[in-house]
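Here is a briefing for a reader new to this structure. Look over the sequence and the model before reading on.

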Amino acid sequence: MSDIFSLYIALIPVTLAQSLILSFVVLAVMIPFRILSFPDLTSEGAYPLGGAVCAVAMLAGVPAYLAILIAFVAGFLAGTLTAFIHLRFRIHTLLAGILVTTMLYSVNLRLLGKPNVPLFREIKLFDYLDFGPRMANVEKIVLVGIIVAVIFGGLRLWFKTEKGIAMRAVGDNPDMAEAQGNNVSAAVLLGIGLAGGFSAFGGSLMVQSQSFVDVNMGLGILINALAALMIGESILGRRKMLNQLAAPFVGSIIYYQLISFCLAAGLAPSDLKIATGAFVLIMLAVPTLGRNKSKGRLAKETIRE
Amino acid sequence: MINITYKVEDWPLKEPFRFAGYSVEALEAIHVTATREGHEGHGEGLFAVVFPVTMAQIVKQIEGCISQVAIGADAEQCCAALPAGAARNALDCALWDLRAKESNQSIWALAGLPEGPPAIKVDQTVGLDTPEAMAIAARNSSHQVIKIKLDDTDIIERVSAIRAARPDADLIVDANLSWSVEILNSVAHPLADLGVRMIEQPVPPAQDGQLSGVTCPLPLFADESCHVAADVTRLKEFYQGVNIKLDKTGGLTEALALAKAARSAGMGVMVGCMSGTSLSMAPAYIIASLSDWADLDGPLMLQSDRKPTMQYRDGDLLHYDTALWG
């Protein structure tokens with residue numbers, strides 16, 4: 001047992017750095033799902049897209065920080081494409097996300113030219129900090145921690161502005177928001193675009209952290225992000241905007257620490273996805289278990305209709 | 001989960017080793033340990049001055065894998081995703097060792113090979129020096145095969161001196177890409193007359209194409225030009241053999257694939273090393289069993305070696321102890 005704990009503790013800095021990077025993907029799941037009531041799968045494609053765009057840009061000589069911004073823009077465009085497909089063609093949000101994600105796989109492969117591209121000679125964002133030998137994870141924690149703080153603060157301010165409040169209104173009740181003169185399409189395009197941008201941003205940071213991009217790096221990222229979001233929300237709640245915004249970051253940190261502990265305790269990596277899926281299912285199902293039988297029957301009848 | 005840790009180590013040489021424009025006083029190695037449920041696997045990768053990859057970059061590659069494995073990625077997939085080089089070599093060999101320890105099988109069995117021989121004939125390398133000093137070094141060697149490091153000066157003088165000192169020895173020559181095609185044409189026949197058996201990497205990789213018009217009486221082996229199995233298709237036009245080094249292939253997995261590809265193309269096979277401790281030699285011993293020439297004298301140059309050390313006896317390298325690896 002002490003071996004498990006010592007292994008887990010040794011991995012805490014690594015896992016913390018990874019979870020901060022992946023918290024942007026959790027944020028990318030939260031914005032469509034909770035702010036816009038727009039369940040969206042684009043993150044799964046935007047994440048490797050960000051990695052691929054960042055890698056290609058860096059290989060072309062673009063500085064690391066600029067490559068990340070380019071990746072964000074690419075992800076933003078992917079998100080707006082999903083939103084556009086939904087708004088213009090009345091295609092269900094999930095299907096629109098699946099379509100875009102599927103197409104992005106080919107785009108990523110075309111961009112990279114091969115499934116896996118190393119980035120070992122290029123200067124990464126984390127290379128700008130040098131805390132000394134064996135401090136790579138601390139450098140990542142500090143740098144990504146600062147970025148998280150800036151983005152969290154920026155979003156906190158944004159959702160207090162007129163446009164931010166309008167976006168929340170669109171998510172709560174699009175008909176009412178439209179009646180009040182809000183541009184629903186613009187809010188959806190912007191929100192889903194931002195989500196795609198954040199997912200790509202996370203992908204580009206991950207590529208710079210691990211020094212290679214893999215076309216399959218997005219596989220399963222969505223379910224991990226969803227699980228992290230569930231944890232964050234169950235801890236912080238969703239009543240206040242501040243809590244809703246903090247949930248992805250807190251959830252990501254706790255979720256990946258849990259994963260790390262499970263792995264240290266002997267869970268095979270191949271069993272992780274079923275464990276994560278079961279966890280998300282439980283988190284989603286638990287609130288319904290507390291309801292009384294009549295409400296349960298009502299839900300069943302509603303589905304049957 | 002497989003817990004991956006690493007250590008960067010310095011292994012001082014007995015004396016500075018000189019070859020084609022370089023002088024090395026100590027080896028810089030990364031020692032990777034892969035642990036799972038009480039079993040430990042070890043692997044070593046060497047920083048090589050001839051390749052444009054720094055130890056800091058090698059470390060970052062390993063740390064990238066550690067980060068991925070910590071959140072659920074498969075260690076073997078992470079290893080396979082690394083580029084061919086020292087980092088992947090260290091991790092790949094550690095994973096082979098771990099698999100052997102966990103399954104209680106030998107590496108030979110895991111690789112689908114017959115059990116290896118108890119000893120393999122290996123060369124001893126004579127570093128670049130004056131002809132007289134190189135002749136003394138060759139005379140002092142108990143190895144049947146002498147590998148001679150050369151640059152583009154005093155080629156025949158150096159080899160002649162060594163031949164005079166060791167008329168019985170099998171001589172092989174390593175130019176470490178310091179020659180041109182013109183130099184190769186001018187020295188190939190005299191070297192053949194001196195009984196040299198093979199020439200390793202005469203020209204830089206960028207000039208491989210110029211070798212297609214050369215009629216050399218000695219087989220040419222590709223070293224710096226050949227890294228992975230995919231290189232064989234291109235190189236078989238210019239070379240008659242390949243020098244397999246695990247620090248180039250990025251581990252035993254790709255080294256086995258390269259040996260198979262070279263044999264399928266009708267090429268000769270040599271196994272080499274970037275020097276290294278016994279932990280580097282043990283996985284290379286597997287490839288040595290498939291090779292025509294074995295250049296695995298790395299530990300002989302070191303002031304001290306990793307325990308349990310691999311033993312040399314009269315020019316033979318004895319089979320590794322499984323407590324070391326495998």
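Leaving aside its neighbours within four places in sequence, which residues is Phe24(A) in contact with? They are Val144(A), Ile147(A), Val148(A), Ile151(A), Phe198(A), Ser199(A), Phe201(A), Gly202(A), Leu205(A) and Phe249(A). Contact means heavy atoms within 4.5 Å.

This is a predicted model, where local features need pLDDT of at least 70, side-chain atom pairs count only at pLDDT 80 or more, and totals for chains, interfaces and linings use all residues. Residues are numbered from 1 along each chain as its sequence is written, chains are lettered from A and ligands numbered from 1 in the order in which they are written, and side-chain values use heavy atoms, with hydrogens and water left out.

**Nonpolar cores**

- The largest nonpolar core has 112 residues, and Phe24(A) and Leu205(A) touch the most other members.
- Helix H1 (residues 2–35) of chain A gives the largest share of this core, 17 residues.
- Another core, of 69 residues, lies apart from it; Val159(B), Ala169(B), Ile287(B) and Ala294(B) are among its members.
- A nonpolar core is a set of buried Ala, Val, Leu, Ile, Met, Phe, Trp, Tyr and Cys residues joined through side-chain atoms within 4.5 Å.
- Buried means under 20% relative accessible area, exposed over 50%, and partly exposed in between (1.4 Å probe, protein chains only).
- Helices (H or I, at least four residues) and strands (E, at least two) are DSSP runs, numbered from the N terminus.

**An open sheet in chain B**

- Three strands of chain B form an open sheet in the order S4-S14-S13, with antiparallel pairing.
- Strands S4 (119–121) and S13 (312–313) of chain B stand at the edges, each with a single partner strand, so one side of each has no neighbour in the sheet.
- Three bridges join S4(B) to S14 (residues 316–318) of chain B.
- Within this pair, Lys121(B) stands opposite Asp316(B).
- Helix H11 (residues 278–288) of chain B packs on the sheet and touches S4, S13 and S14 of chain B. The direction of this helix makes about 75° with that of S4(B). Axes are lines fitted to C-alpha atoms, for helices over the stretch in contact, and angles run from 0 to 180 degrees between N-to-C directions.
- Two strands pair if DSSP finds at least two bridges between them.

**A covered strand in chain B**

- Is strand S7 (residues 170–174) of chain B mostly covered or mostly uncovered? Strand S7(B) is mostly covered, with five of its five residues buried.
- Asp170(B), Ile172(B) and Asp174(B) point one way from S7(B), while Leu171(B) and Val173(B) point the other way.
- Strand S6 (residues 145–149) of chain B pairs with S7(B) in the parallel sense over five bridges.
- Ile172(B) in S7(B) is the bridge partner of Lys147(B).

**Backbone details**

- Lys307(B) and Pro308(B) are joined by a cis peptide bond, with omega about -10°.
- Pro308(B) sits in the loop between strand S12 (293–294) and S13 of chain B.
- Arg90(A) is not a glycine, yet its phi is positive, near 60°. Arg90(A) lies in the loop between helix H3 (64–89) and helix H4 (93–112) of chain A. Arg90(A) is exposed, with a relative accessible area of 73%.
- Asp314(B), also not a glycine, has a positive phi of about 50°. Asp314(B) lies in the loop between S13 and S14 of chain B. Asp314(B) is exposed, with a relative accessible area of 65%.
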